[in-house]
Amino acid sequence: MTPMKLTVPLCRAQDTEQLIMAGADEFYCGVLLPEEKLALNARQHPNANLKGFGELAEALRVTRRCNVPVFLCVNSDYGKENTENVKAYIRKAAAAGVSGF
């Protein structure tokens, strides 16, 4: 049997190491797009998301060192008109090094 994992929301990069020390096995997060004041996930409150791809990169530096995966949430209805923006967001997150979506 596969052991259960503790999957933890990541809202601030500065909390990453402390959450790992407290037992986080993996993270999920969203990234707020400051220019649009929008996150491409169901957690729309600004404090529920990392504040841009710079903060995501900061968190990923810690998670890579500790070998803890980070999954980016892209789980809202964005409408056809936003398809290209969503694709660009996903490409940028993949380039940053998230573990999955």
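User: How many disulfides does this predicted model have?
Analyst: A disulfide needs two cysteine sulfur atoms within 2.5 Å. For cysteine 29, the nearest cysteine sulfur is that of cysteine 73, 6.9 Å away. The sulfur of cysteine 66 lies 16 Å from the closest one, in cysteine 29, which is too far for a bond. The count of disulfides is zero.

User: Is cysteine 29 buried or exposed?
Analyst: Buried means under 20% relative accessible area. Cysteine 29 has a relative accessible area of 1%. Cysteine 66, at 31%, counts as partly exposed. Cysteine 29 is buried.

User: Which strands stand at the edges of the open sheet, and why is one side of each left without a neighbour?
Analyst: Three strands form the sheet in the order β1-β2-β5, with parallel pairing. The twist averages 30° from one strand to the next. Each edge strand has a single partner, so one of its sides has no neighbour in the sheet. The edge strands are β1 (7-9) and β5.

User: Which residue in β5 stands opposite phenylalanine 27?
Analyst: β2 and β5 pair in the parallel sense over three bridges. Beyond four places in sequence, the contacts of phenylalanine 27 include Val68, Pro69, Val70 and Phe71. The residue opposite phenylalanine 27 is valine 70.

Key:
Residues numbered from 1 in each chain as written. Predicted model: local features only at pLDDT ≥ 70, side-chain atom pairs only at ≥ 80, totals over all residues. Heavy atoms only, no water. Contact = heavy atoms within 4.5 Å. Buried < 20%, exposed > 50% of the residue type's maximum accessible area, 1.4 Å probe, protein only. Pairing = 2+ DSSP bridges. Helix = DSSP H or I, 4+ residues; strand = E, 2+ residues; numbered from the N terminus. Axes fitted to C-alpha atoms, helices over the stretch in contact; angles between N-to-C directions.
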